[in-house]
Amino acid sequence: MLIRRVLVGAAAGYAASRCMDLATSWFYERQSEESRAREEEVLPGGALMAGGRDMARMMRIEDPDDETVARLGLRAHRGGGMAYGVLGALLVGAGVRPLRAGLLVGVAAFALVDEALNAVQLEPSPSDFPMEAHARGAVGHLAFGAALGTALWVARPLLTRGGR
């Protein structure tokens, strides 16, 4: 049962991360030019590129090109989504309702990754980003949570004994 929950959760998290991308892209297109320019100034290339640069450093890749950095950043983002999906599936297996589990995980991911983790880094500070960037993160993680919860609801018979 544990392996099934891990596999189903990873698949649900992957799908939810794709939904999150749609939501954040939609939001980003509606941000002001000034806001987008400020974000680019603070974090060139955005969070995925920053994540990709971090991954390249951890993997000791010397002078990676932008394509490699982007690919690594996307893989890290998808991997995180899959890990959060597993957490959601485990919560459902423990008796938490699927939509509640999805939204709980989505909100926790926003609080932990977008806000708390960024707050402990020295540069850039969360206060350096425009408010619209924080709002986009909240919208994205809520979309992730709703999509994860929906996927877990559909998969509930695979996650619980007797499909309860």
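Colleague: What makes Asp63 count as exposed?

Modeller: Asp63 has 72% relative accessibility, and exposed means over 50% relative accessible area, with a 1.4 Å probe and protein chains only. Therefore Asp63 counts as exposed. This is a predicted model, where local features need pLDDT of at least 70, side-chain atom pairs count only at pLDDT 80 or more, and totals for chains, interfaces and linings use all residues. Residues are numbered from 1 along each chain as its sequence is written, and side-chain values use heavy atoms, leaving out hydrogens and water.

Colleague: Where is Asp63, and what is its phi?

Modeller: Asp63 lies in the loop between helix 3 and helix 4; helices are DSSP runs of H or I with at least four residues, numbered from the N terminus. Its phi is positive, near 45°, and Asp63 is not a glycine. Most residues other than glycine have a negative phi.

Colleague: Why is Arg60 called exposed?

Modeller: Arg60 has a relative accessible area of 72%, which is over the 50% cut-off, so the word applies. Arg60 is in the loop between helix 3 (46-58) and helix 4, and has a positive phi of about 60°.

Colleague: Why is Asp66 called exposed?

Modeller: Its relative accessible area is 57%, so Asp66 also passes the cut-off of 50%. Asp66 is found in helix 4.

Colleague: How do you know that the span of helix 4 agrees with its 28 residues?

Modeller: The expected span is 1.5 Å times one less than the number of residues. For residues 66-93 that gives 40 Å, and the end C-alpha atoms are 40 Å apart, so the two agree.

Technical notes: Helix = DSSP H or I, 4+ residues; strand = E, 2+ residues; numbered from the N terminus. Buried < 20%, exposed > 50% of the residue type's maximum accessible area, 1.4 Å probe, protein only.
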